[in-house]
Structure formats: structure tokens, C-alpha cells
Amino acid sequence: MGSTRFLAHGLRRESGSVTSSSSWVQRSLTFDLHRFNIVGQWAVTTSVDFSLAQLISVIILLSTGGKNGGGYEASKYVIMCFHGGILLLHAIINSLPISVMSFFGQVAAAWNLLGVLLLMILIPSVAKHKASAEFVFTHFNTDTGEGIDNGVYIFVLGLLVSQYTLLGYDASAHMTEETKSADLNGPRGIISSIAISIIFGWGYLIGITFTVTNIPYLLSEDNDAGGYAIAEVFYLAFKDRYGSGVGGIICLGIVAVAIFFCGMSSITSNSRMAYAFSRDGAMPFSSVWHKVNEQEVPVNAVWLSAVIAFCMALTSLESYVAFEAMVSIATIGSYIAYALPTLFRVTLARKSFVPGPFNLGRFSILAGWVAVLWVITISVLFSLPVAYPITTETLNYAPVAVGGLLILTVSAWVLSARHWFTGPITNIDNS
């Protein structure tokens, strides 16, 4: 759904014929995009809900005394149980009627906006020790504890955090079939989500950074939060001021609820994507995942997304390095799926593409090329080592994970899918 469906319509000639949609090249690219997109989105859900499970374990640790006060430290198996429970709740919520999900979506939007606004004001106000404006806006920390001291290299790696947090802004596209006036409201949803994230995200980061005074301690595994930096920031702000970190724990609860809503929306996006790909026949057992219940909810696809997200997280029990490599598909795989349709738009379909009512006009080609070049750049950055010296534990396995997915996808196409996959099934008037 969303970006990959561009291939069904973007290469269409203005005369209305869709002869190119049956071409071997287009079908192959569409099939590969399907796989990269859906696997990347499953990895997003895995990472979001796993991070929530870790945050819950930190909240429990701080609530029971902290690491230095004999607090309870959850094992990796307990964290996995948290992860499974969160996914279960998300699957149940996403199985409810669309009207109920719409209500949850509105609550989530309000919670995120008000929560961020509260934290960006409250934490700096409570913090007893504050950093100077000079530190916040000019200090560049090179003490990463990962054996890297080159400023340029550290800056480049820092870009990756923002790239990960920007994932999922295409969620509006995945929900277009359940959106009124989707040709206008879908793009507006994408643009507005980015604009709101820029404004509130920037304010939140600035506010929190003013409370950071001892970076090495915040990153140390010997602090009360066990090295969970943002939790330690919240905890210390209230503990230094009032002698108790309870207020900080409550603030972490606000963050946890926001992450919960994020994971919930991720399952929603995953299920609609799985539903659309199954409708196109691009997934194994497509007839199962393409079914909807009497409320028009693709329940089977919802539970498939939750189960796969849980299975992907199981790798963390054996090797956290393997888990990180798998989750890296969330970023690289998803961005590849975003960039390829854009590349086709500015090359093969530059003259034949028929813009919708919401478009960038004469700036669309420029914006498209900037987007493609940027994705190429960050794909290289995500493949760089993030720690030195390089060992089996510090090697960046992202290229291996993405390369493995590419090999599996291409093999599936050559050995099987090319014989039966005909491309996206259109459900709109091509005239």
C-alpha cells in the first residue's frame, strides 16, 4: 500500500493503458519493494515494542530502589515476556472496529502533543542543576565510550538517530483506503506529522539537554537507571530537587504510554500493508491475510504482524548483536522501499506520471532527487561501524542483514514469484 502502489499507476501512460504494469522489470521491482517494505515495518514494530519493554524494566528498577539501592533488574527473559504482553495488547486493540481505533488514534495524538509539551517545560523547571546555553548550543561531546573520537564521524553517526525516529511518516499512506478524501488528507497527514514532530521534537530535545550536566555518568551502567540515560535524567531531576525520584518515574510513565501508542499505530500500519500485499498476491498464504471481518478489519493480518514482531525479537535472547542486525532492516529496508518509487517517479515516469491533487508542482522533481540521494547517503552511513575496535560483538551487521533480505527476495522472485505475480491489483478507476 502507499509507496509501492505507485508502480501500478505511476508508470501508466496518460492514455490510460497499463501495459507497462505487466512488464517483467516492473513486476520484479514491485515484488522486491513489497518484501522490503513489509519486513522493514515488522522490524519497526519489533524495535518500538522492545524499547517499551526495556523502559518498563527500567521503571520497575527505579521504583524498587534503583540499581544502587537493590532494585529489581529484569532478566532478558522477563523483558521478552513484557515484549510479548505489549504485542498481545496491541493485537487486541487493532482487532477492534475502525471507529474504536480512530478514537485511540485521537487519544494518542493528544497524549503525544500534551505529554511532550509537559515534559519539555517540567523537567528543566524541576532540575536543580542546569547546563549553560553555551553548553547546550555549542558543546560537542566526543566521549562516546565506543572507541571513536573523530568529531566528523561521531556527527555522521548521530544523524542515524534522527533517521530512525523519522520512520513511519508514511503511515497515512497505509491508511488511505480507510480515509475520507485520501488523495488530499493522506499527503496532508504526512506533511503535518513531520511539521509537528519538528516543532515539538526540537523543543523537547532543547529542554532535556538543559538538564544534562554529566554525560559520562548518564551513560554509565553504574547509575540508578543502569545506563538508561533519559531515565536517569528524569530520575535525577526530581531526586536532586525533592530527595525522591518518584516524579521522574511518573514522567517516564508518560513516555512509556507514548511509546505504547506508537507501537499500536505501527501494528495498524503493518496490518494494512500486509493486507494490501496479500490482495496483490505478494505474500505466502495471501488468501488468509487478505480476509477482513464484518467490521472491515484485517484481523488475520493484525495477528500475523504481532506474531512476526515477537519472533524477530527472540533473536535477542541468543545474541543482542543479531537482534540489532535484524532491527537495522527497519531503517535501511524501509528507506529503500521509500526511495525506489521516488526514483522511478523522477526517471522512468518523469513524463508519464499523472500528479494527484496534492503535489509539489515544479519542485517535485528536485525534491525527488534530493530524497533519493539522501537515502543512498544514509544507507551507507547505517553500514558503518559504530564502535572500535571492530570485533564480532561490535561489527555492524546491518549490510549483512539487508543483503540477506535482498538475496532472499530476489531468489523468491526468480524461482517462483515471476511465474504468478502480476503486479498490484488496482481498485480505482484508471480512466
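In helix α16, the buried residues are S364, I365, G368, V372, V375, I378, S379 and L381. The model is a predicted one. Helix α16 covers residues 364-381. An α-helix has 3.6 residues a turn, so residues three or four places apart point the same way.

| Helix | Residues | Length | Span | Expected at 1.5 Å a residue |
|---|---|---|---|---|
| α16 | 364-381 | 18 residues | 26 Å | 26 Å |

**The whole protein**

The protein has 17 helices and zero strands. It has 431 residues, and 43% of them count as buried. Take the contacts between residues at least 6 apart in sequence: 76% of these join residues at least 24 apart. The accessible surface comes to about 21000 Å². Carbon and sulfur atoms account for 68% of that surface.

**A nonpolar patch**

Which residues form a nonpolar patch on the surface? They are L88, L89, I92 and W303. Together they have about 360 Å² of accessible area. Helix α3, residues 76-94, gives the most to the patch, with three residues. L88 sits in helix α3. This leucine counts as partly exposed because its relative accessibility is 45%.

Is N223 buried or exposed? N223 is buried, because its relative accessible area is 0%. The residue lies in the loop between α9 (215-219) and α10 (229-242). A polar atom of the N223 side chain lies 2.8 Å from the backbone oxygen of Y217. The N223 side chain also reaches the backbone oxygen of L218, at 3.0 Å. Setting aside neighbours within four places in sequence, N223 is in contact with K67, N68, Y217, L218, Y228 and E232.

S47 belongs to helix α2, residues 24-63. S47 counts as buried because its relative accessibility is 9%, and the cut-off for buried is under 20%. The S47 side chain reaches the backbone oxygen of V44 at 2.9 Å.

Methods
Residues numbered from 1 in each chain as written. Predicted model: local features only at pLDDT ≥ 70, side-chain atom pairs only at ≥ 80, totals over all residues. Heavy atoms only, no water. Patch = residues over 30% accessible without salt bridge, like charges linked within 9 Å, V, L, I, M, F, W, Y side chains within 5 Å. Areas by Shrake-Rupley, 256 points an atom, 1.4 Å probe, with all protein chains shown as cover. Salt bridge = Lys/Arg side-chain N within 4 Å of Asp/Glu carboxyl O. Helix = DSSP H or I, 4+ residues; strand = E, 2+ residues; numbered from the N terminus. Buried < 20%, exposed > 50% of the residue type's maximum accessible area, 1.4 Å probe, protein only. Polar contact = N/O pair within 3.5 Å; in protein donor to acceptor, adjacent residues only side chain to side chain. Contact = heavy atoms within 4.5 Å. Expected span 1.5 Å × (residues − 1).
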